[in-house]
Amino acid sequence: MTAGRWRRAGSALLRVVVVWAVSTLTMLALAGALPDFRLQGPDGDSVTRTALTAAWGAGAFGLLTALVWPLVVRALLLVPALVLGLLVFFLNGSLLLIALRLIPDGRGDAAPETAVVVAAVMSAVASATSTALAVRDDTAYRRRLSRLATRRRRRAGQAGGDPACPGMLFLQLDGVGHEVLLRAAKDGLMPTVAHWLDGTHRLTPWRTDWSSQTGASQLGILHGSNHDVPAFRWYEKDRGRIMVSNRPASAVELQRRAIERTGDGGLLTFDGASRGNLFSGGADQVALVLSVSTRRGRANRSRAGYFVYFSDPANAVRTAISFVAEVVRELRQSTRARLRGDTPRVPRGGLYPFIRAFATVVSRDVVVAAVIGDMLAGRTSVYADLVAYDEVAHHSGPHSRDAGRVLQSLDRSLTLISQVAEHAPRGYRIVLLSDHGQSPGETFESAYGLTLKDLVRAGCGLPVSRRAERSRCGAEARDAVGDALRGALHRRLAEGDPLPEAGPDAEPVVLASGNLALISFPDVPGRLSREQIEARHPALLSTLADHPGIGFLLVRSERHGSVVLGAGGVEVPIAELTDDGPLAGFGKGAADAVRRTDTFPHVADIMVNSMYEPETGRVHAFEEQIGSHGGLGGEQSQPFLLYPADLSPPVDDGAELVGAESVHRVLRHWLRECAGPQVPVPPSDGPDSAEGSGPVGPDSPVGPVGPDSPVGPGGSDSVGAS
């Protein structure tokens, strides 16, 4: 204990010395640059004497700022914000003038207007230097948060939370599969998770729906229904619109549909907070939530969480330095991968280094700070999404060294959150979960020389790109189209019917969602049948089903209802579908997942799932990703649920947890195990009413806390990617 105190004291002393030295150099530079700022006597001084004068002045200014500034700010709390903002500069300049007067022999002097400039620059440099030195000093961060928590409890007249009624904290590690988590804990990448696994927590895998992506999973988890979410992207013929899960307008509509179907506001309706998610979960306290980002108004502006977080210079400098470091890290890692000739590989240039840094640094810092603030405010339930791993794994691979380093960073965030929870006014049970995993593999285009859209166009007899024309698959598709058209023509002529020709609006819409793709024909209302598709494009279905990069298709049949098509003419009616046949190798429950999706009103005319190789776990993404999710096949369908051992088991022994809606019911049950008095929402007669309609409760007025300062007000709305 004594050694630890000496180390902390030494570290603090070192920071003070470094900040003092940097401030001294800054003062010397400003004295040389500004004509009305002097650090020498009338007859001039030696370099050594000038440096000592600067050190004296910098030290006096720093000491005055530390001692006097808090008292001045407290005295001016009632001054309007705009007036106070202007006074800051003049008061800071006044402190500098006082510091210069304290220099022996009157060697320091500055004009009043120059003093304002010098004070502003020195304060900015000192703040940046101090924060840069503390970028990774989570111990100092925790001490500051502990003091803030104590102040909040004193103001509220609290001694701490009721240990008999702990809060629930749900932390989603986006895209981290069950096996990835176990491997990271075993390899020492996530020591906090390993510690939880060894004693305090229990781990269970769960199985996603066919659409293994954040939009479907998080909607089901937070709102109890992901009905009619067939993929990450899909085309709705009745509305003539493409739905994309991470677009604000789509997120608003999906949340509205889920609430309408269940008759329930969501998982977080009682004193809850939603941070960094696609959907609000019914929480009153929301920040960086996509489904509320389109709201307008003074009280709930879009991106308010970011603005409030970065209004504190310490937060801004800490995150900005980490952001730049992450951009440099990505450039270095992508260059090394290219020089090593790593395969598979996707382009990582353009804006991607900045997108990655935003996901791994900015989003993480803002969300973690908001979660910490929620705990210090004593909120009943918090659900937050950390998207860093998912973003990096898409481009570097789910088992790559780059992704492993992100897991290390996330584990440090978990450590910080769990340690801050010790200072919260109530106990907290921390539940760690994921929404899906990721499966590795070369992209479809890289493997076969053409995109799925090219293959579909070729199968429809439409023009394709020159690269696709030169590929072997493109040539085979063109030949198949020619043979199919001739055969169809002969059959039609023999039956006395002309062969229908596709009109100008017949070009299909092809949308990719990882290794799942949806093909729709927008010129025909309703879901086309297999017979209609073959009449319009005789070679399309066979071209797709027989392609080595495609596992199976789902289409509607006029004769058999819906059918699953596989290579070699395999056809299985949906009612007879099992996990064997064309779905062999895709895992337990694949048939049930396909059957459920087939009931959705907006299922596509043709649903396409890529191949899956059980021996290697490989799939082929239909977009530029070497770690993908969205369909069936491998680790993408196997997320996890890590929960405190004192909570009831999510399923009975030997049973499986299947589907995001089931996870919602488990989390809701855990909230009821821990909850205090609640006012239930009236039950709905909807077909998917969640078990135990959600409670509602008062809003908590206390906002989140960030590194070294308050982060934001409760109820702020902002947008976050997932």
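**Close-up 1. Arg-332, Arg-336, Arg-401 and Arg-405 form a positive surface patch.** Two elements, helix 11 (313-340) and helix 14 (401-420), each give two or more residues to this positive patch. The model shown here and in the other views is predicted.

**Close-up 2. Arg-405, a member of the positive patch, sits in helix 14.** Its relative accessibility is 36%. Buried ends under 20% and exposed begins over 50%, so Arg-405 at 36% counts as partly exposed.

**Close-up 3. Phe-552 and Phe-586 make an edge-to-face aromatic pair.** The structure as a whole holds eight aromatic pairs. Phe-552 belongs to strand 14 (residues 550-557). Phe-586 lies in the loop between strand 16 (571-573) and helix 21 (590-598). The pair therefore ties together parts that are 34 residues apart in sequence. Both Phe-552 and Phe-586 are buried.

**Close-up 4. Ring pairs join Trp-210, Phe-552, Phe-586 and Tyr-612 into a cluster.**

**Close-up 5. Ser-130 and Arg-15 have C-alpha atoms separated by 6.8 Å.** Along the chain, Ser-130 and Arg-15 are 115 residues apart. Ser-130 is part of helix 4 (residues 112-133). With a relative accessibility of 32%, Ser-130 counts as partly exposed.

Methods: Residues are numbered from 1 along each chain as its sequence is written. This is a predicted model: local features need pLDDT of at least 70, side-chain atom pairs count only at pLDDT 80 or more; totals for chains, interfaces and linings use all residues. Side-chain values use heavy atoms; hydrogens and water are left out. Rings of Phe, Tyr and Trp (its six-membered ring) pair if their centres lie within 6.5 Å; planes under 30 degrees apart count as stacked, over 60 as edge-to-face and the rest as tilted. Helices (H or I, at least four residues) and strands (E, at least two) are DSSP runs, numbered from the N terminus. Buried means under 20% relative accessible area, exposed over 50%, partly exposed in between (1.4 Å probe, protein chains only). Patches are made of residues with over 30% relative accessible area and no salt bridge: like charges are joined within 9 Å, nonpolar side chains (Val, Leu, Ile, Met, Phe, Trp, Tyr) within 5 Å. Accessible areas come from the Shrake-Rupley method with a 1.4 Å probe; for residues, only the protein chains shown count as cover. A salt bridge is a side-chain nitrogen of Lys or Arg within 4 Å of a carboxyl oxygen of Asp or Glu. Lys and Arg count as positive and Asp and Glu as negative; His and the chain ends are not counted. The place of a charge is taken as NZ of Lys, CZ of Arg, CG of Asp or CD of Glu.
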